[in-house]
Amino acid sequence: MAQSYDWAMRKTEQRCLNQWRRELLSQATGALLEIGAGTGINLPHYPANLSKMTLSEPDPQMRRKLSRKLGVKYQHVEIAHWGAEQIELPDHSVDTIVSSLVLCSVSDQQQALKELHRLLRPGGQLLFLEHIIAAEAKTVRWQKRIEPVWKRCSGNCHLTRDTLRNIEATGLQIEHLNEANIVGAPAILQRTVRGRARKPGLQTKETLRR
Ligand SMILES: C[S@@+](CC[C@H](N)C(=O)[O-])C[C@H]1O[C@@H](n2cnc3c(N)ncnc32)[C@H](O)[C@@H]1O
């Protein structure tokens with residue numbers, strides 16, 4: 001998957017994903033963690049003034065491609081091997097977490113979301129772009145039929161996860177949401193949600209002084 005990922009994605013990137021990534025990731029601030037960073041496709045879209053950037057990617061081949069892409073330009077960026085279910089960072093240590101097309105693939109989505117919630121400081125944000133279970137019953141039936149084989153051929157990518165609902169169930173508050181179909185994708189992979197979810201309990205200068 002690592003070898004062909006950028007090539008396989010190129011048309012979809014041109015049609016819509018590239019623009020969605022640009023809009024979404026321009027909102028990143030502070031200390032940032034990206035989970036499942038893959039080949040580093042999001043890198044060009046990050047603002048230059050982030051205080052810290054950590055890109056985690058459990059697949060060694062993806063990581064190799066990622067570190068090659070970092071080159072000289074992104075020397076300040078750290079790469080980590082953690083899966084999203086167990087991240088070796090302290091509680092409340094991250095301002096922005098990015099997950100794009102990853103929560104479909106993690107082995108335990110509930111545990112991964114719990115972990116993201118733990119890492120975010122109060123007031124911190126999760127920027128997400130994920131494909132989710134279809135809205136139409138007929139397509140859902142197809143997704144359920146195809147999913148067992150699909151998972152095995154596509155890096156554990158699940159077709160029927162209700163990721164938006166699961167993000168909310170973790171206790172993050174959806175602040176901004178766009179729902180759209182990936183242009184040119186088959187119906188089983190089309191429906192996406194992207195947006196910003198925030199961990200409640202923003203610590204202002206005022207509350208920190210108390
Ligand atoms: C479809 S690719 C998405 C890559 C990139 N984030 C993007 O936006 O195009 C899914 C990525 O999730 C990674 N992944 C799989 N299981 C994971 C896990 N448990 N924790 C974090 N990342 C995982 C894969 O190695 C792969 O790089």
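Okay, hi everyone. Some ground rules. The model is predicted, so local features need pLDDT of at least 70 and side-chain atom pairs count only at pLDDT 80 or more, while totals for chains, interfaces and linings use all residues. Residues are numbered from 1 along each chain as its sequence is written, and side-chain values use heavy atoms, with hydrogens and water left out.

Let's start with the largest pocket. It holds about 1,100 Å³ of space. A pocket here comes from a 1 Å grid over the protein atoms alone: it's an open set of points where a 1.4 Å probe fits, with protein on both sides within 12 Å along at least five of seven lines, and lining residues have an atom within 4 Å of a point. The volume is the space filled by probe spheres set on those points, which are joined across faces, edges and corners.

Who lines this pocket? There are 46 residues, and the closest to its centre are Met1, Tyr5, Leu101, Ser105 and Ser154. Two elements give two or more residues to the lining: helix 1 (5-25) and strand 1 (31-35). Helix 1 gives the most, with 9 residues. By the way, helices (H or I, at least four residues) and strands (E, at least two) are DSSP runs, numbered from the N terminus. By class, the lining has 23 nonpolar, 16 polar and 7 charged residues. Nonpolar means Ala, Val, Leu, Ile, Met, Phe, Trp, Tyr, Cys and Pro, charged means Asp, Glu, Lys and Arg, and the others, Gly among them, are polar.

Leucine 101 sits in the loop between strand 4 (94-100) and helix 3 (109-119). Its phi is positive, about 55°, although it isn't a glycine. Is leucine 101 buried or exposed? It's buried, because its relative accessible area is 17%, and buried means under 20%, exposed over 50%, partly exposed in between (1.4 Å probe, protein chains only). Asparagine 156 also has a positive phi, about 70°, and isn't a glycine either. You'll find asparagine 156 in the loop between helix 4 and helix 5 (163-169), and at 27% relative accessibility it counts as partly exposed.

Next, the insides. The largest nonpolar core has 28 residues, and Leu17, Leu32, Tyr46, Met53 and Leu55 touch the most other members. A nonpolar core is a set of buried Ala, Val, Leu, Ile, Met, Phe, Trp, Tyr and Cys residues joined through side-chain atoms within 4.5 Å. Helix 1, strand 2 (52-56), helix 2 (60-70) and strand 5 each supply at least two residues of this core, and helix 1 gives the most, with 7. A second, separate core of 25 residues includes Leu89, Leu116, Leu126 and Phe128.

Leu126 takes us to the strands. In strand 7, its bridge partner is alanine 197. Strand 5 (residues 120-131) and strand 7 run antiparallel, joined by 7 bridges; two strands pair if DSSP finds at least two bridges between them. Strand 6 (residues 173-181) pairs with strand 7 too, antiparallel over 8 bridges, with glutamine 173 opposite arginine 198. Why is strand 7 called largely enclosed by the rest of the structure? Because 7 of its 8 residues (191-198) are buried.

That's my tour, thanks!
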